[in-house]
Amino acid sequence: MFKANKNFLNLQGSYLFSTIAKKVQTFTEEHPDARIIRLGIGDVTQPLVPAVIDALHGAVDEMAHKETFHGYSPDLGYDFLRNAIAGEYKGRGCDVAADEIFVSDGAKSDSGNIQEIFSEDARVAVCDPVYPVYTDSNVMAGRSGEFDPATQQYKNIIYMPCTEENNFAPDFPKETPDIIYLCFPNNPTGAAITKDRLQGWVDYANKVGAVILYDAAYEAYITDPALPHSIYECEGARTCAIEIRSFSKNAGFTGVRLGFTVVPKDLVDADGVRMYDLWARRHGTKFNGAPYIVQKAGAAVYTKEGQEQIRKQVGYYQKNARTIYDGLKNAGYTVYGGVNAPYIWLKTPDGLTSWEYFDRLLSEVNVVGTPGSGFGPHGEHFFRLTAFGSYENTVEAVNRIVHM
């Protein structure tokens, strides 16, 4: 008789955003006339920029002719896209070669899959609060140990609290990890990290023999020129860091799907095994490559026109973030994020739990956000709002909340 992977049974509840979707669906069915404003999930609302649309149309036309038709994509990505990405890294002074870039269908997939190239007994360190995929994918792989209801944490995972006291940037853990997940600008807190502090993490990882899995999905929202956009701006990162990037939030590809992961050839394990080789094998075995038309659209992002257009679109969402931040702060809320990130992290009022505040916002003013406790126990009594709605809805949502 076959047996299931029992590690899945160790997962707690459903995926956070699935739970939110079910709650909203139930409310909508019970209140069909309610006009709900959704500032919960990080899904964009503005259309793809003209340079990307033109590239998509051109690529689709190519697919209509035998001479320019494309079948399977190279599993690691087309050279035209990898070279364009490498050019951006070079422009930031980062030593990243085109063949160290692995094109995928998005950062979420890579964030969940990258753990497969590490040993089953690897100790994992995550921030708390944290993007659920990092933890859940390691639970599925059997690294987490049992869940402790008292602490709301897994026994074998190392948690690094991100609090108001440390500006939501973690301190080095007391236990020594093998794998460290970092995300900056941060989801969910909206916190950014200075180059000096990130350099400290690189130095720490090299010292203890750990690898940093660096999620830089929101780097396009950094406005402070002193903040790093990539971990490879730090000296020594090539021997301890893998970087995951996305086209979803900088270019609006949430419905198109495109991302990439950088695995330097200098990154080797304790036995001298190159992680580059393992990821290349995993990628080639389980992935048939992102579609040609999507990769052509991705390459258009790096053109002069594409860069100008997506900067304007990112600016649109940055304006939304500032609107939420200023509106709530002026109303007396304690608010974080919203400056170098598209997320606003606010303290729930009146001592409400995160889910109590979620229910209150939904029922009283028909606004959807994300309960902070869904990202981990240190997210309790906090709440995340996103800047990815329309400007008009963002203004109305803030007005509803402050007059609730």
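Just after helix H3, Gly93 takes a positive phi of about 80°. Helices (H or I, at least four residues) and strands (E, at least two) are DSSP runs, numbered from the N terminus. The model is predicted: local features need pLDDT of at least 70, side-chain atom pairs count only at pLDDT 80 or more, and totals for chains, interfaces and linings use all residues. Residues are numbered from 1 along each chain as its sequence is written, and side-chain values use heavy atoms, with hydrogens and water left out.

H3 covers residues 79-91, 13 residues in total, and spans 18 Å from its first C-alpha to its last, close to the 18 Å expected at 1.5 Å a residue; the expected span is 1.5 Å times one less than the number of residues. Its buried residues are Leu81, Arg82, Ala84, Ile85, Ala86, Glu88 and Tyr89. Buried means under 20% relative accessible area, exposed over 50%, and partly exposed in between (1.4 Å probe, protein chains only). These buried residues pack against strands S2, S9 (241-246) and S10 (259-262) and helix H9 (292-301), where contact means heavy atoms within 4.5 Å.

Seven strands form an open sheet of mixed pairing, in the order S2-S10-S9-S8-S7-S3-S6; two strands pair if DSSP finds at least two bridges between them. S2 (101-104) and S6 (158-161) are the edge strands, each pairing on one side only. From one strand to the next, the twist averages 20°. Axes are lines fitted to C-alpha atoms, for helices over the stretch in contact, and angles run from 0 to 180 degrees between N-to-C directions. S3 (residues 124-128) pairs with S6 in the parallel sense over four bridges, and Ala125 stands opposite Ile158 in S6. Helix H5 (residues 132-140) lies across S3, S6, S7 (179-183) and S8 (211-215), at about 155° to S7.

The other open sheet has four strands in the order S11-S12-S15-S14, with antiparallel pairing. S11 (335-337) and S14 (370-371) each have a single partner strand, so one side of each is left without a neighbour in the sheet. Three bridges join S11 and S12 (residues 343-347) in the antiparallel sense, with Val335 opposite Leu346 in S12. Helix H10 (residues 304-330) lies across S11, S12 and S15 (382-386), running at about 160° to S11.

The whole structure holds 20 salt bridges, each a side-chain nitrogen of Lys or Arg within 4 Å of a carboxyl oxygen of Asp or Glu. Three of them are listed below.

| Pair | N to O distance |
|---|---|
| Glu219 and Arg92 | 4.0 Å |
| Arg238 and Asp95 | 3.8 Å |
| Glu175 and Arg123 | 3.4 Å |

Glu219 is in the loop between S8 and S9 and Arg92 in the loop between H3 and S2, 127 residues apart. Glu219 is buried at 6% relative accessibility, whereas Arg92 is partly exposed at 35%. Arg238 is buried at 16%, while Asp95 is exposed at 52%. Glu175 lies in the loop between S6 and S7 and Arg123 in the loop between helix H4 (107-113) and S3, so the pair ties together parts that are 52 residues apart in sequence. Salt bridges that share partners join Glu88, Arg92, Glu219, Glu243 and Arg245 into one network.

The disulfide count is zero, a disulfide being a pair of cysteine sulfur atoms within 2.5 Å. For Cys183, the nearest cysteine sulfur is that of Cys127, 8.2 Å away. Cys183 is buried, with a relative accessible area of 2%.
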